[in-house]
Amino acid sequence: MFISLPLHFENPFSFAYNHRTLIEEKQIFFTGKSIPEHIQITNPSFNNYVITISSFIGNKWVIVFRKNYNIPVKILAIGHLLRDKRQQIVIGNYYGSSGTLRFEVLGWSNEKVKVLLNQFNPNEGYSFGTIDIKNNIIYVSSSTQGKIYLWEGKNFISYPYIDNPNPKLIRNNDIVIYYVISKDNKVISSIPNNSKLILKQDQRIFLIRGNFGPVERVLISGNIMDFKDKYIYITQAGKGIINIIPNGHDTKHSISFDVEVLP
């Protein structure tokens with residue numbers, strides 16, 4: 001059921017009422033009731049970002065949660081992480097030159113909105129991170145490594161995982177490079193460093209990480225390749241380079257492959 005919001009100055013979601021810059025608003029089934037909760041993220045002043053959650057109670061909208069952040073935030077994902085009809089949201093953003101992902105999970109528990117998982121630690125985060133919700137589980141990764149967060153009744157528990165391409169996508173004519181990275185940032189690969197890879201335009205390149213350890217960054221140069229579903233596909237004939245850089249920036253220990261795509 002959808003309840004429209006009155007457009008007058010007493011409306012708690014009104015821009016004029018709040019004197020705020022609206023960044024984002026959504027309707028989420030926090031409580032699992034037929035009328036969804038209303039969420040707003042606003043920026044009332046410099047370095048002040050506010051999330052406000054209101055619920056339709058007693059035939060009126062009532063603010064049930066409000067929190068201030070001193071860094072920009074947005075809704076990164078929505079899902080049924082508690083595996084019932086209630087929805088939860090992932091709030092966070094990507095910060096700094098390395099796009100470090102930091103986030104937290106808000107959900108309805110014991111008749112109020114709570115922070116169910118806090119990953120806003122300023123000394124941690126996921127450089128060049130990605131986040132997704134699949135099958136009611138949070139998947140977070142930096143490059144090929146990450147964690148899954150699974151709700152276990154009272155809290156989230158986490159497990160490490162390697163975010164490799166789906167092996168079912170690999171075809172017989174594709175090139176597969178297996179590699180590991182040691183604690184001292186040495187990259188050992190199934191195809192030697194500085195090898196030349198000659199491909200036809202229907203071939204793909206799969207980079208398969210084989211261990212946990214320093215986080216890597218994969219760079220491709222030239223306009224002949226691009227990424228899709230965690231593998232590299234060919235866009236046109238020509239030459240290019242693939243670099244695997246350990247620890248994100250340790251070019252001294254990086255390895256590279258010269259790629260030539262035939263017409």
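1. T100 is buried, with a relative accessible area of 9%; buried means under 20%, exposed over 50% and partly exposed in between, using a 1.4 Å probe and protein chains only. The residue belongs to strand β7, residues 100–109. Helices (H or I, at least four residues) and strands (E, at least two) are DSSP runs, numbered from the N terminus. Leaving aside residues up to four places away in sequence, T100 touches N93, Y94, Y95, E124, G125, Y126, S127 and F128, where contact means heavy atoms within 4.5 Å.

2. On the basis of these values: the model is predicted, so to speak of local features pLDDT of at least 70 is needed, side-chain atom pairs count only at pLDDT 80 or more, and totals for chains, interfaces and linings use all residues. Residues are numbered from 1 along each chain as its sequence is written, and side-chain values use heavy atoms, with hydrogens and water left out.

3. Strand β7 is part of an open sheet of 4 strands in the order β5-β6-β7-β8, with antiparallel pairing. Two strands pair if DSSP finds at least two bridges between them. The edge strands, each pairing on one side only, are β5 (74–79) and β8 (112–119). From one strand to the next the twist averages 25 degrees; axes are lines fitted to C-alpha atoms, for helices over the stretch in contact, and angles run from 0 to 180 degrees between N-to-C directions. Strands β5 and β6 (residues 88–95) run antiparallel and are joined by 5 bridges. G79 has Q88 in β6 as its bridge partner.

4. Another open sheet of 4 strands has the order β1-β2-β3-β4, again with antiparallel pairing. At its edges stand β1 (21–28) and β4 (60–69); each has a single partner strand, so one side of each is left without a neighbour in the sheet. The twist here averages 20 degrees from one strand to the next. Between β2 (residues 37–45) and β3 (residues 48–57) there are 6 bridges in the antiparallel sense, and Q40 has T52 in β3 as its bridge partner.

5. The largest nonpolar core has 20 residues, of which I177, L197, I205, L207, I242, F257 and V259 touch the most other members. Such a core is a set of buried Ala, Val, Leu, Ile, Met, Phe, Trp, Tyr and Cys residues joined through side-chain atoms within 4.5 Å. At least two residues of this core come from each of β13, β15 (196–199), β16 (204–209), β19 (231–234), β20 (238–246) and β21 (255–261). The contacts of I242, not counting residues up to four places away in sequence, include I205, L207, V218, M225, I232 and F257.

6. The whole structure holds 6 aromatic pairs. Rings of Phe, Tyr and Trp (its six-membered ring) pair if their centres lie within 6.5 Å; planes under 30 degrees apart count as stacked, over 60 as edge-to-face and the rest as tilted. F56 and W61 are edge-to-face because their planes stand at 65 degrees, with ring centres 5.2 Å apart. F56 is partly exposed at 21% relative accessibility, whereas W61 is buried at 15%.

7. K134 lies over the face of Y139, 4.6 Å from the ring centre. The charged end of R204 sits over the ring of Y231, 4.7 Å from its centre. The criterion is NZ of Lys or CZ of Arg within 6 Å of the ring centre and within 35 degrees of the ring normal.

8. K186 is in the loop between β13 (175–181) and β14 (187–189). The residue is partly exposed, with a relative accessible area of 46%, and touches V180, I181 and H253, not counting residues up to four places away in sequence. K186 and K200 are 14 residues apart along the chain, and their C-alpha atoms are separated by 30 Å.
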